[in-house]
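Here is a friendly tour of one protein chain, written for someone just starting out. Keep the structure open beside you and find each residue as it comes up.

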Amino acid sequence: ATPEEVVRDADIAMYRAKAAGKARYALFDAELHTEVAQRMMIESDLRQALARGELTVAYQPLFNITSGRLRGFEALARWHHLERGTIEPATFIQIAEESGLIIELTDFVLRHACTQMAQWHAMDPALADLKLQVNLSGSDLAHSALSERVEHALASSHFNPRLLTLELTENILMKRIDSALVTLESLRKLGVSLAIDDFGTGYSSLAYLSSLPIDSLKIDRSFVHGMREGSNNAEIVRAIVSLGASLGKVVVAEGIETQSPFAQLRELGCENGQGFHLSRP
């Protein structure tokens with residue numbers, strides 16, 4: 001109806017095209033405007049939810065597949081909106097990343113999870129060796145004070161750093177490989193472990209794998225889901241398990257949701273796993 005609205009809508013289409021990659025175009029429509037408005041509302045609500053402490057942390061159990069013994073937990077952010085109900089992590093984490101709220105979100109999960117784990121450790125000596133895994137984003141890896149943030153969370157919760165593993169996806173790590181090395185080394189000096197999450201979705205990390213200060217590899221769930229006897233996915237998982245063993249890395253299979261991949265992973269010698277077949281968060 002007005003020139004200002006035309007420019008606004010063109011701007012929305014431009015950002016949609018840029019988000020899809022280089023040399024793209026996008027056509028504006030009313031649905032796109034509604035989507036952007038919804039995202040802006042979620043971003044505003046997320047900012048308030050973080051300030052009020054309305055988010056929670058769920059814990060996905062990690063098991064030794066061979067023995068069935070509980071090894072630890074992966075901390076997962078959860079948000080139950082007072083009006084909208086449950087907001088899916090894939091939705092609000094992406095919005096947090098784009099809006100700059102991801103640093104605050106990571107700090108919340110890290111602080112909350114370290115405190116909870118320290119309390120569980122103190123409950124019973126049998127729980128004292130349970131490990132904690134926390135995901136980092138690309139913005140976290142680029143943040144100059146990442147090591148200080150992790151150190152503060154550990155100190156304030158009295159959590160043992162050797163029981164904390166920080167996870168970075170393969171794509172995030174490879175995009176920032178040159179600048180990331182110094183940060184990874186500083187994190188290792190704190191005593192924490194490091195893992196490559198979604199391993200196998202890229203290929204460039206293989207060239208760096210033997211020299212990176214990485215302790216464990218988490219096999220991407222897409223390979224685990226597609227495992228069938230003699231399938232390419234099964235062979236890829238076999239290769240990752242063998243590679244991890246050769247390099248002295250701990251290998252973890254994600255997304256074990258049925259008996260079939262669980263049985264195959266045991267046969268392949270993959271010792272660690274997580275997923276709904278073993279336990280829900």
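S147 is in contact with T183, S186, L187 and L190, once its neighbours within four places in sequence are left aside. Please bear in mind that this is a predicted model.

**S147 in its helix**
- You will find S147 in helix α6, which covers residues 146–157.
- Is S147 buried or exposed? Its relative accessibility is 13%, and because buried means under 20%, S147 counts as buried.

**The largest nonpolar core**
- In soluble globular proteins, nonpolar side chains tend to be buried together.
- The largest nonpolar core here has 70 residues, and the members that touch the most others are L164, L166 and L173.
- Which helix gives the most to this core? Helix α4 (residues 102–123) does, with ten residues.
- Look at L164 as an example: beyond its neighbours within four places in sequence, L164 is in contact with L110, L132, V134, V150, L154, F159, V192 and S193.

**Helix α10, inside and out**
- Helix α10 runs over residues 232–247, so it has 16 residues. At 1.5 Å a residue they should span 22 Å, and the end C-alpha atoms are 23 Å apart, which agrees.
- Which residues of α10 are buried? They are A234, V237, I240, V241 and G244.
- Among the elements covering the buried residues of α10 are the strands β6 (193–199), β7 (216–219) and β8 (250–253), along with the helices α9 (221–225) and α11 (259–268).
- After α10 comes G248, with a positive phi near 75°.

**Q60 in its strand**
- Q60 belongs to strand β1, made of residues 56–64.
- Why does Q60 count as buried? Its relative accessibility is 7%, and because the cut-off for buried is under 20%, Q60 counts as buried.
- A polar atom of the Q60 side chain lies 2.8 Å from the backbone oxygen of S279.
- S279 is also one of the residues that Q60 touches, not counting those up to four places away in sequence; the others are G72, F73, E74, L76, Q274, G275, F276, R280 and P281.

Note on methods
Residues are numbered from 1 along each chain as its sequence is written. This is a predicted model: local features need pLDDT of at least 70, side-chain atom pairs count only at pLDDT 80 or more; totals for chains, interfaces and linings use all residues. Side-chain values use heavy atoms; hydrogens and water are left out. Helices (H or I, at least four residues) and strands (E, at least two) are DSSP runs, numbered from the N terminus. Buried means under 20% relative accessible area, exposed over 50%, partly exposed in between (1.4 Å probe, protein chains only). A polar contact is a pair of N or O atoms within 3.5 Å; within protein, one must be able to donate a hydrogen and the other to accept it, and residues adjacent in sequence count only if both atoms are side-chain atoms. Contact means heavy atoms within 4.5 Å. The expected span of a helix is 1.5 Å times one less than its number of residues. A nonpolar core is a set of buried Ala, Val, Leu, Ile, Met, Phe, Trp, Tyr and Cys residues joined through side-chain atoms within 4.5 Å.
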